[in-house]
Amino acid sequence: MNRTYDDFLCRLKEQRKQLGLSQEQMAQRVHKTQSNYSKVELGLQRLSYEELKYLSESGIDIYYIFTGYRGSGKYLDFFERKTYAEICSYLGIIYSVLSLDDNIEKKFSKISEEMLYIPLIISKEKSINAFLTLRHISGYQQKVMADKIGVDVKKLRELEKDRCLPDSEILWKTYHEFGISPMYILKDKEGIIHEVDALLEISEKECTEKILEIVSSLAEGNKE
């Protein structure tokens with residue numbers, strides 16, 4: 001299936017309409033004017049890093065907008081009570097368990113790709129840079145990497161040195177080239193919670209039960 005940035009725009013508009021929001025109301029959530037937000041839905045402007053975080057904080061499921069995967073909200077309350085670091089740890093466990101399920105790779109290729117990078121991207125090292133890490137893992141020269149995420153080499157160097165932040169299209173292209181969820185690069189708690197919710201529902205029932213057993217056990221351990 002040929003995916004383009006238009007998929008992101010379609011789901012953005014879909015989410016707005018499902019929530020019964022006007023473009024003006026959506027614009028307020030991302031701190032834009034209605035005119036500029038309208039250009040976002042038309043593909044004439046991109047949402048900035050900060051605007052995406054505003055969108056997620058307002059209750060919009062940006063994990064779904066980027067990936068097309070979403071859950072029913074069944075597990076949201078449990079993970080809302082956890083810290084960002086705890087959720088990332090649980091997410092690592094979830095991907096580890098899912099990696100043992102051959103059906104996941106067959107049904108959800110992007111999720112199976114993501115499993116390859118999760119241990120390296122979700123790191124305790126605060127200074128880790130996703131773009132630099134991905135390029136080194138892939139063995140790409142800067143020109144090749146820049147072409148893959150739709151920027152010039154100068155922009156890539158700025159991204160790798162944390163001198164600038166990626167916009168919605170860069171994040172989308174990075175996801176579709178490498179399988180890395182934008183939630184990690186955004187370091188967005190709400191987005192990662194929605195990702196966990198979706199992953200638990202995507203997995204087979206038996207696999208989900210194993211994950212929840214591990215997560216619950218860890219949660220109980222943290223109380224002691």
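**View 1. Lys 187 is found in the loop between helix 14 (182-186) and helix 15.** Welcome to a predicted model, in which local features need pLDDT of at least 70 and side-chain atom pairs count only at pLDDT 80 or more, while totals for chains, interfaces and linings use all residues. Residues are numbered from 1 along each chain as its sequence is written, and side-chain values use heavy atoms, leaving out hydrogens and water. The helices (H or I, at least four residues) are DSSP runs numbered from the N terminus. Lys 187 is not a glycine, yet its phi is positive, about 50°.

**View 2. Asp 162 belongs to the loop between helix 12 and helix 13.** Here is another residue other than glycine with a positive phi, this one near 60°. Asp 162 is exposed, with a relative accessible area of 53%.

**View 3. Helix 13 (residues 168-178) is mostly covered.** Nine of its eleven residues are buried, and among them are Ile 170, Leu 171, Trp 172 and Tyr 175. Look at the start of this helix: a side-chain oxygen of Asp 167 comes to within 3.1 Å of the backbone nitrogen of Glu 169. Such a polar contact is a pair of N or O atoms within 3.5 Å, one able to donate a hydrogen and the other to accept it; residues adjacent in sequence count only if both atoms are side-chain atoms. Just after helix 13, Gly 179 has a positive phi of about 80°.

**View 4. Helix 10 (residues 130-138) meets helix 12 (residues 153-160) at an angle of about 110°.** Their axes are 7 Å apart, and the two helices are therefore roughly perpendicular to each other (65 to 115 degrees). Phe 131, Leu 132 and Arg 135 of helix 10 make the contact with Leu 156, Leu 159 and Glu 160 of helix 12; contact means heavy atoms within 4.5 Å. Within helix 10, the buried residues include Phe 131, Leu 134 and Arg 135. At the start of helix 10, a side-chain oxygen of Asn 129 lies within 3.0 Å of the backbone nitrogen of Phe 131. Just after this helix, Gly 139 has a positive phi of about 75°.

**View 5. Thr 67 lies in helix 5 (residues 62-67).** With a relative accessible area of 9%, Thr 67 is buried. A polar atom of its side chain is 2.7 Å from the backbone oxygen of Tyr 63. Which residues does Thr 67 touch, not counting those up to four places away in sequence? They are Arg 11 and Tyr 175.

**View 6. Phe 8 is one of the residues that touch the most other members of the largest nonpolar core.** Helix 7 (residues 84-98) gives the largest share, nine residues. A core like this is a set of buried Ala, Val, Leu, Ile, Met, Phe, Trp, Tyr and Cys residues joined through side-chain atoms within 4.5 Å. Leaving aside neighbours within four places in sequence, Phe 8 is in contact with Leu 47, Leu 52, Ile 65, Phe 66, Ser 168 and Trp 172.

**View 7. Ser 203 sits in the loop between helix 15 (189-202) and helix 16 (205-223).** Ser 203 counts as buried, at 6% relative accessibility.

Technical notes: Buried means under 20% relative accessible area, exposed over 50%, partly exposed in between (1.4 Å probe, protein chains only). Axes are lines fitted to C-alpha atoms, for helices over the stretch in contact, and angles run from 0 to 180 degrees between N-to-C directions. Angles under 35 degrees count as roughly parallel, over 145 as roughly antiparallel, 65 to 115 as roughly perpendicular and the rest as oblique.
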